[in-house]
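Hi there,

Here is the structure I promised to pass along. Please have a look at it first, and then read my notes below.

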Amino acid sequence: MKTMWAPWRMEYILSEKEDDCIFCHGISKNNDLTLLKGEDTMVMMNKFPYINGHLLVAPVRHISGLDDLSKSEQGELLAMVDRSIKILKHVMKPDGFNVGLNLGKVAGAGVEEHLHFHVVPRWFGDTNALTVFADVRVIPEHIKATHDNLKPYFNNFELTNKN
């Protein structure tokens, strides 16, 4: 068995956690990580990304499990994941994606009380030894710049939805 060390995650693990739900807080207009708030779903940037363009897609309603979603919300949530992937493909041109959700603390959910999908764009060669050997993660673009590049496509959501 091989072990891969990710010491950069300690910043997140040891950081002081917000009392309020980051997703419910992210819905506010002042949150600069929010890309889109729809009627049933929202998309926001991950404050502790694995790589540029790491998005979080969540229902607006504060719920923790898939079984708490209505059939309509399930469809909207998956459609928003799909639309987010389309926007990332158009803007960032990744070679692939990791998409998933962690249900429960033991499964790795950092915010277990508010269900959310991770949408992580991937490029050939985006993993390197710096994280393992030097406690360094290479994220070539500032999160605000990534936000500013993606935001117009989420603002013009109707246009991107037709592709």
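**A buried histidine**

His54 counts as buried, because its relative accessibility is 1%, under the 20% cut-off for that label. Please keep in mind that this is a predicted model. You will find His54 in the loop between β2 (41–45) and β3 (55–59). Its side chain has a partner: a polar contact of 2.8 Å joins the side chains of His54 and His118. What else is His54 in contact with, once neighbours within four places in sequence are left aside? Besides His118, the list holds Met44, Met45, Asn46, Pro49, Val119, Val120 and Pro121.

Next, β3 itself. Five of its five residues are buried, so β3 is largely enclosed by the rest of the structure. In a regular strand, side chains alternate between the two faces of the sheet. In β3, Leu55, Val57 and Pro59 lie on one side, with Leu56 and Ala58 on the other, and both faces are covered.

Which way does β3 run relative to β2? The two strands are antiparallel, joined by five bridges. If you want a landmark when you look at this pairing, Thr41 stands opposite Pro59 in β3. β3 also pairs with strand β5 (residues 117–122), again antiparallel, through three bridges. There, Val57 stands opposite Phe117 in β5.

**Salt bridges**

How many salt bridges does the structure hold? There are three.

One of them is between Glu73 and Arg61, whose side chains meet at 2.8 Å, N to O. This pair links distant parts of the chain: Glu73 is in helix α3, while Arg61 is in the loop between β3 and α3, twelve residues apart.

Another joins Lys86 to Asp82, with the closest N and O atoms 3.2 Å apart. These two are separated by about one helical turn, because they are four residues apart in helix α3. Lys86 is partly exposed, with a relative accessible area of 35%, and Asp82 counts as partly exposed at 36%.

Then there is Lys144 with Asp148, where the closest N and O atoms are also 3.2 Å apart. Why are these two about one helical turn apart? They sit four residues apart in helix α5 (residues 143–155), so about one turn separates them. Lys144 is partly exposed, with a relative accessible area of 34%, and Asp148 counts as partly exposed at 42% relative accessibility.

**Another histidine to look at**

Finally, take a look at His90, which is found in helix α3 (residues 71–92). With a relative accessibility of 47%, His90 counts as partly exposed, whereas His54 is buried at 1%. Although His90 and Leu150 are 60 residues apart along the chain, their C-alpha atoms are separated by 9.6 Å.

Best wishes

Note on methods:
Residues numbered from 1 in each chain as written. Predicted model: local features only at pLDDT ≥ 70, side-chain atom pairs only at ≥ 80, totals over all residues. Heavy atoms only, no water. Buried < 20%, exposed > 50% of the residue type's maximum accessible area, 1.4 Å probe, protein only. Polar contact = N/O pair within 3.5 Å; in protein donor to acceptor, adjacent residues only side chain to side chain. Contact = heavy atoms within 4.5 Å. Salt bridge = Lys/Arg side-chain N within 4 Å of Asp/Glu carboxyl O. Pairing = 2+ DSSP bridges.
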